[in-house]
2 protein chains.
Amino acid sequence: MPRFHRVVIVGVGLLGGSIGLALRGRGLAERIIGVGRSMQSLLQAQQLGAITDVSTDLLQAATGADLVIIGTPVQTIADFVKNCCDSKLNENCLITDVGSTKANICRQLTDREHQHFCGSHPMAGSDKTGVAHARADLFVGRKTIITPVEQTSAIAVQQAESLWQQLGSEVVQLTPEVHDQAVANISHLPHVVAAALAANTNERLLSLTGDGWRDTTRVAGGEVELWRQIICENRQSLLSELRQYAHSLDGWIDALDANDQQRIVELLALGKKVRDSLAGSHRSPN
Amino acid sequence: MPRFHRVVIVGVGLLGGSIGLALRGRGLAERIIGVGRSMQSLLQAQQLGAITDVSTDLLQAATGADLVIIGTPVQTIADFVKNCCDSKLNENCLITDVGSTKANICRQLTDREHQHFCGSHPMAGSDKTGVAHARADLFVGRKTIITPVEQTSAIAVQQAESLWQQLGSEVVQLTPEVHDQAVANISHLPHVVAAALAANTNERLLSLTGDGWRDTTRVAGGEVELWRQIICENRQSLLSELRQYAHSLDGWIDALDANDQQRIVELLALGKKVRDSLAGSHRSPN
């Protein structure tokens, strides 16, 4: 018997679509209702097997649901959660999301009626967006951060944890604030660094670029509006990371300007040490 | 009949080894003599099929050679070329290299006796080093820049061009100075940006990183001494690129500090535009 009888996925893009594929692939869900504004994109998700049903009416879709996943851009998530809480969900229905920021969302959901919401952030994604890139194994071997707060019910926390584990993820629990500081460092700073690097590239030289340039700038291909929202939600933490990073670059500029070979070696070695230590902290190669 | 009877590869690492594999795989060379200081690494290259013979004596190996490739770190290349020119090479033997910088090397090789040297830089590589990572198809579909100068013989230019084409590369001709400015922008700046990004990462968060962090920092895993030499050879161009990049980051900091949504969108869109236009300038996907 499938664990979930009625799943609702609001925003069936790369992440929402991958959850749908993974739930179905594992026989965990009976019906998966995709909710969105674009019927064309919902029908594509249905055709790809990410959802079984389509709807443009959230309240109707959510009636009787035992799992709701909000896969929309971060600045719209809290409102969708509130709408779901106003609908006739099943008792103990888990509501979760896949947003890249958490503090601002959770600050808007502190009432007792939001006890069934437990924020999630799977550390899996791509510069590609859209259900066409969804994959049933997207979460396998990846960490997923969940961010319960004071009023989150124990059962919602337990359900969120077991959901992500069933999709192949290892679950880490952080407060929304610690989560946002962490992703400012390991995700949002790299995005800005890559965007600035791409923007600084002489376009006439693009045809000469190798794998180095390609990998270093890959994330800069991400959707502008998605990233605008992420950056604005996490502006203060990102600003602090960016200032620290700019300070490091000043150190590089000083070392080069002074032709300080020893300092250049130290700076290169420091970067290599951190990059190389990744191998020890991940199961996957490279 | 193979095109080359006696090939010498000085420094049989990732690039030198890949040239050996590619020459042998295509039946272009009869004998390929690997020259290096470490007999252990030469024997490994021989075992992997990248070379047919090993030698620790360059002058002896180069006697009668009709192709010499210098695959050593950039600051040692000019001296190796000079040594080769002092040995009994075949008439019209091509001497070339695979160094990531060109201006300083070519400035040391301006005598008439260096007419058989034509500098090369295949835009293929990896953060991985060593012959164990060498691949016969490393240059296929990649650009290789050649940098002939005034005294380079016409036959050396023609030979260098046809060598790289036979290994699968598309050849682009630049002056050594234009080459160095180009790679400061598309290769050496990304390296410093990635090294600084890795160095700024909170190591306790490494286990949470996803593909974004991994790709953006990949090149920071490159060998420190190789990169020290590259950076020092191209210090002035890199410094100028780095200052311009730091200025862009200041623009990001100002936009975030002022919460200037429109400017943030513009900055994101600019990075995305350049990154996305890569697709049109390459044959390979992504």
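**View 1. B:Thr147 is a buried residue of strand β7 of chain B in this predicted model.** B:Thr147 has a relative accessibility of 1% and so counts as buried (buried means under 20% relative accessible area, exposed over 50%, and partly exposed in between, with a 1.4 Å probe and protein chains only). The residue lies in strand β7 of chain B (helices, H or I with at least four residues, and strands, E with at least two, are DSSP runs numbered from the N terminus). Leaving out residues up to four places away in sequence, B:Thr147 touches B:Lys102, B:Cys106, B:Gly119, B:Leu174, B:Thr175, B:Pro176 and B:His179 (a contact means heavy atoms within 4.5 Å).

The model is predicted: local features need pLDDT of at least 70, side-chain atom pairs count only at pLDDT 80 or more, and totals for chains, interfaces and linings use all residues. Residues are numbered from 1 along each chain as its sequence is written, chains are lettered from A and ligands numbered from 1 in the order in which they are written, and side-chain values use heavy atoms, with hydrogens and water left out.

**View 2. Strand β7 of chain B has both faces covered.** Five of the five residues of β7(B) are buried, so the strand is largely enclosed by the rest of the structure. In a regular strand the side chains alternate between the two faces of the sheet. On one side of β7(B) are B:Lys143, B:Ile145 and B:Thr147, on the other B:Thr144 and B:Ile146, and all are buried.

**View 3. Strand β7 of chain B pairs with β6(B) and with β8(B).** Two strands pair if DSSP finds at least two bridges between them. Strand β6 (residues 119-122) of chain B joins β7(B) in the antiparallel sense over four bridges, and B:Pro122 has B:Thr144 as its bridge partner in β7(B). Strand β8 (residues 170-173) of chain B pairs with β7(B) (residues 143-147) in the parallel sense, also over four bridges. B:Lys143 stands opposite B:Glu170, and B:Ile146 stands opposite B:Gln173. Together with helix α6 (residues 154-166) of chain B, β7(B) and β8(B) make a right-handed β-α-β unit (a crossover is right-handed if, with the strands pointing away from the viewer, the path from the first strand over the helix to the second runs clockwise).

**View 4. Strand β2 of chain B pairs with β1(B) and with β3(B).** Five of the seven residues of β2(B) (residues 29-35) are buried, so this strand is largely enclosed by the rest of the structure. Strand β1 (residues 4-10) of chain B runs parallel to β2(B), joined to it by six bridges. From β1(B) the chain crosses through helix α1 (residues 14-25) to β2(B), and the crossover is right-handed. On to strand β3 (residues 53-55) of chain B, β2(B) pairs in the parallel sense over three bridges. What stands opposite B:Ile9 in β2(B)? The residue is B:Gly34, and B:Gly34 also has B:Val54 as its bridge partner in β3(B). Helix α2 (residues 39-47) of chain B forms a right-handed β-α-β unit with β2(B) and β3(B).

**View 5. A:Leu14 is a buried residue of helix α1 of chain A.** Its relative accessibility is 10%, so A:Leu14 counts as buried. The C-alpha atoms of A:Leu14 and A:Pro122 are separated by 12 Å, although the two residues are 108 residues apart along the chain.

**View 6. A:Asn200 touches residues of chain B.** A:Asn200 sits in the loop between α7 (176-199) and α8 (211-217) of chain A and is buried, with a relative accessible area of 11%. Not counting residues up to four places away in sequence, A:Asn200 touches B:Asn185, B:Gln244, B:Tyr245 and B:Ser248. With B:Ser248 there is a polar contact between side chains, at 2.7 Å (a polar contact is a pair of N or O atoms within 3.5 Å; within protein, one must be able to donate a hydrogen and the other to accept it, and residues adjacent in sequence count only if both atoms are side-chain atoms).
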